[in-house]
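Here is a short tour for someone who likes cut-offs spelled out. Have the viewer open as you read.

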Amino acid sequence: MSLRVKCPTCHRETEWENNPHRPFCSDRCQLIDLGGWTEERYRIPGSETQSPLDDEDDDDDQEVR
Ligand SMILES: [Zn+2]
């Protein structure tokens, strides 16, 4: 059972565990994000409500502000 998060840069699902670049999927996305902050923010998983519709693509993002 592995926790998956969406990469803030490319929005691809990536593993949280064993991921040195989390919450990014790769060092490339990490550099991109650090190099150019736009509207994306760090999203810490854990506050999201798991829904039965959580198959593979949850485009209905819920942001806590
Ligand atoms: Zn990425």
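## Overall layout

The protein chain has 1 helix and 2 strands, where helices (H or I, at least four residues) and strands (E, at least two) are DSSP runs, numbered from the N terminus. Read from the N terminus on, the order of elements is β-β-α.

This is a predicted model, in which local features need pLDDT of at least 70, side-chain atom pairs count only at pLDDT 80 or more, and totals for chains, interfaces and linings use all residues. Residues are numbered from 1 along each chain as its sequence is written.

## Burial and contacts

Of the 65 residues in the protein chain, 9% are buried. A residue is buried if 20 or more other C-beta atoms lie within 10 Å of its own, exposed if 12 or fewer, and partly exposed in between, with C-beta atoms placed from the backbone.

Two residues are in contact if their C-beta atoms, placed from the backbone, lie within 7 Å. Among contacts between residues at least 6 apart in sequence, 18% join residues at least 24 apart.

## A look at T14

T14 sits in strand β2 and counts as partly exposed because it has 18 C-beta neighbours inside 10 Å. Leaving aside residues up to four places away in sequence, T14 touches R4, V5, C7, N19 and C25. For C25, 11 residues from T14 in sequence, the C-alpha to C-alpha distance to T14 is 5.3 Å.

## A look at S26

S26 lies in the loop between β2 (13-15) and α1 (27-35). With 16 other C-beta atoms within 10 Å, S26 is partly exposed. The C-alpha atoms of S26 and C10 are separated by 9.9 Å, and these residues are 16 residues apart along the chain.
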